[in-house]
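The sequence and structure come first.

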2 protein chains.
Amino acid sequence: MEGPDETDLQLLRLLGADSNLTIKELAGRVNLSPSPVFERVKRLEANGYIKKYIALINAEKLNYGLIVFCNIRLKQHDKSIGHQFVTDILHLAEVVECYNISGDYDFLLKVYAKDMKHYQDFVFNKLGSVKSIGSTHSTFVMCENKNSYNINI
Amino acid sequence: MEGPDETDLQLLRLLGADSNLTIKELAGRVNLSPSPVFERVKRLEANGYIKKYIALINAEKLNYGLIVFCNIRLKQHDKSIGHQFVTDILHLAEVVECYNISGDYDFLLKVYAKDMKHYQDFVFNKLGSVKSIGSTHSTFVMCENKNSYNINI
DNA sequence: CTTGAAAAATGGAGGGT
DNA sequence: ACCCTCCATTTTTCAAG
């Protein structure tokens, strides 16, 4: 497929902010009739420009009001240890994101917890039982100023 | 509203992973008929448990293959400086997330860039013109192992 | 890209447990 | 309070031009 044109980018912007817009509404925004917009959206989906559609759940409403970025250093750095760490970590419900990073630490986790007590339990009992972890460093979020979830194209 | 029951949580889980599921499909998953499911979903939306519905855009496909966590320390820490910083930063297209954090730095940004050259330009020309910034420290993502976007309830 | 029509989903009325 | 079965309306989806 050739790259998306300006109309495609506009559709991605619109759907990236609100995927409940109907084909008809999208058509109005980009000054086209519904059919070509329908075809464009389907093509963007088929070609992987749109990964999926999700609902954003309000974690605070479910009493998950604490966000923590947890830096992790492994004991050793061979491939199998790293791979084992990732599989261990992905099963933990509190871990929303996991990145392999440059710098002093090896991984960065974004963790959602109910409160400090819950986070303490997470570090001691859940991370504590992952053998490959050497040390951790937690950075607590005091305020989420922005989260747009998508790049602003 | 009273807290969501187990059926509501199941609906949140399902929609948090795929919001294209129809009411009928959801009904099948939770063993109910479409009508009560429709009402439950509308209530979860009205009461803020579902914030919004979005399409997840594939940033790599749009040549935004570099993710960087950028730690920022302000020059001073009074309220107006912090507020000005946030408004300045939210206008930058590359900044997807912004958190006010504990620890050595004041803010953590998640930044999407096309490549290292683009990121360098972002730091020098865009962050460089935000007067309230004292110093920065960049952590580069080598691999995104997980991003579920929602808490696993 | 447009028109137009079939298929499917939404959203709501009315009744039952 | 919660659920069900129908049905009108809207939206999606896919032809053919």
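The model is predicted: local features need pLDDT of at least 70 and side-chain atom pairs count only at pLDDT 80 or more, while totals for chains, interfaces and linings use all residues. Residues are numbered from 1 along each chain as its sequence is written, chains are lettered from A and ligands numbered from 1 in the order in which they are written, and side-chain values use heavy atoms, with hydrogens and water left out.

**Interface and domains**

- The copies meet through the same surface, because 100% of the interface residues of chain A are also interface residues in chain B (contact means heavy atoms within 4.5 Å).
- Chain A is assigned domain 1 (6-46) and domain 2 (60-140), with bounds from an automatic or database domain assignment.
- The centres of domain 1 and domain 2 of chain A, taken over C-alpha atoms, are 38 Å apart.

**Barrel**

- A barrel is closed by 8 strands with antiparallel pairing, in the order β2(A)-β4(A)-β3(A)-β5(B)-β2(B)-β4(B)-β3(B)-β5(A).
- On average, neighbouring strands of this sheet are turned by 35° against each other, direction ignored (axes are lines fitted to C-alpha atoms, and angles run from 0 to 180 degrees between N-to-C directions).
- Strands (DSSP runs of E, at least two residues) and helices (H or I, at least four) are numbered from the N terminus, and two strands pair if DSSP finds at least two bridges between them.
- Within chain B, strands β2 (residues 66-74) and β5 (residues 133-147) run antiparallel and are joined by 7 bridges.
- B:His137 in β5(B) is the bridge partner of B:Asn71.

**DNA strand C**

- Residues from both chains surround DNA strand C, among them A:Ser33, A:Arg40, B:Thr22, B:Phe38 and B:Lys42 (near means a heavy atom within 4 Å).
- Of the atoms of DNA strand C that come within 4 Å of the protein, 76% belong to sugar and phosphate.
- Phosphate oxygens of DNA strand C lie 3.0 Å from a polar backbone atom of B:Ile23, 3.4 Å from a side-chain N or O atom of B:Lys24 and 3.4 Å from a polar side-chain atom of B:Lys42 (polar contact: a pair of N or O atoms within 3.5 Å).
- Two or more residues each are given to the surface near DNA strand C by α3 (34-46) of chain A and by α2 (23-30) and α3 (34-46) of chain B.

Notes. A polar contact is a pair of N or O atoms within 3.5 Å; within protein, one must be able to donate a hydrogen and the other to accept it, and residues adjacent in sequence count only if both atoms are side-chain atoms.
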